[in-house]
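Please try each task with the structure open before you turn to its solution.

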Amino acid sequence: RRMIAEHMTLSKRTSPHVTTIMEADLSAIVRHRAANRRPFAEKGIALTYMAYFVAATALALKEIPAANSRFNGNAIVYNKRVHIGMAVAIKAGLLVPVIRNAGELNLQGISRAIQDLARRARSGKLGPDELQGGTFTVTNHGTSGSLAGTPIINQPQAGILGIGAIAKRPIVISSSPSLLPSADDAIVIRPMCYLSFSFDHRILDGAEADKFVSIIKSTLENWQ
């Protein structure tokens, strides 16, 4: 806990934190997961929602390189590789094992890596090198029912994505662009999720940070 406390305090003291939150309709990935869980299981792989979030994040990091960077003195250093840290809760607190080259893995490869790292993190079998070198972090605080949060950046990274609980919620869909009520409006029930992106304001401004989250949201909502 002392090490975690020191790291969190350092992060808040180092980076001017800003958090932006968007909501995503996860109907497409819920359907995709339902159709592919069995084929994945036959290969010994658990297909979790986390794999979709990591895949979408890896794509967004390629599109917005600043989100995959770090602030170093008077310069911003851009990372060529996408190494995504995944927060895993253990009895003593949190570990963040790293999925190496996540941007080069397909959904099956990401799922296999998540399963392996999470299992070994909880059994205390991770090597020190597997906890280092991440360029971005994803944390799924929604597993305990949390809807939205403001996660603290894992230094020296530029940001961290928080994933809220997936829950059925009523939303309004309409073919009309107007914000006024119309006959085209319909209230439907969809699996929704809040995406919270805490970012270092020295590196990213609001517009670029929002674009980053928008790419993740669009990827999830239009999953192929």
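The axes are lines fitted to C-alpha atoms, for helices over the stretch in contact, and the angles run from 0 to 180 degrees between N-to-C directions. Helices (H or I, at least four residues) and strands (E, at least two) are DSSP runs, numbered from the N terminus.

This is a predicted model, in which local features need pLDDT of at least 70 and side-chain atom pairs count only at pLDDT 80 or more, whereas totals for chains, interfaces and linings use all residues. Residues are numbered from 1 along each chain as its sequence is written, and side-chain values use heavy atoms, with hydrogens and water left out.

**Exercise 1. Describe how H3 packs against H5, and name the residues that make the contact.**

Solution. Two packed helices are described by the angle between their axes and the distance between the axes. For H3 and helix H5, which spans residues 206–221, the angle is about 135° and the axes are 9 Å apart. The two helices are therefore oblique to each other. Their crossing is right-handed, a term used when the near helix is turned clockwise from the far one by less than a right angle, with anticlockwise giving left-handed. On the H3 side the contact (heavy atoms within 4.5 Å) is made by Tyr52, Phe53, Ala56, Thr57, Leu59, Ala60, Leu61 and Glu63, and on the H5 side by Phe212, Ile215, Ile216, Thr219 and Leu220. By class, these residues divide into 10 nonpolar, 2 polar and 1 charged, where Ala, Val, Leu, Ile, Met, Phe, Trp, Tyr, Cys and Pro count as nonpolar, Asp, Glu, Lys and Arg as charged, and the others, Gly among them, as polar.

**Exercise 2. Which residues touch the most other members of the largest nonpolar core?**

Solution. A nonpolar core is a set of buried Ala, Val, Leu, Ile, Met, Phe, Trp, Tyr and Cys residues joined through side-chain atoms within 4.5 Å; buried means under 20% relative accessible area, exposed over 50%, and partly exposed in between (1.4 Å probe, protein chains only). The largest core has 53 residues, of which Leu195, Phe197, Phe212 and Leu220 touch the most other members. H3 supplies the largest share of this core, 10 residues. When residues up to four places away in sequence are not counted, Leu220 touches Asp25, Leu26, Ala28, Ile29, Tyr52, Phe53, Ala56 and Leu195.

**Exercise 3. Are Val138 and Leu161 buried or exposed, and what surrounds Val138?**

Solution. Val138 lies in strand S8, residues 136–139, and is buried, with a relative accessible area of 0%. Leaving aside neighbours within four places in sequence, Val138 is in contact with Met50, Thr57, Ile84, Gly85, Met86, Ala87, Leu161 and Ile163. Leu161, in strand S9, likewise counts as buried at 0% relative accessibility. With neighbours within four places again set aside, the contacts of Leu161 include Thr57, Val138, Leu195, Phe197 and Ile216.

**Exercise 4. Where is the cis peptide bond, and what is the value of phi at Asn101?**

Solution. Most residues other than glycine have a negative phi, and most peptide bonds are trans. A cis peptide bond joins Gln155 and Pro156, with omega about 5°, and Pro156 has its place in the loop between S8 and strand S9 (159–163). Phi of Asn101 is near 50°, a positive value in a residue other than glycine. Asn101 is found in the loop between strand S7 (98–99) and H4, and is partly exposed, with a relative accessible area of 26%.

Note on methods
Parallel < 35°, antiparallel > 145°, perpendicular 65-115°, else oblique.
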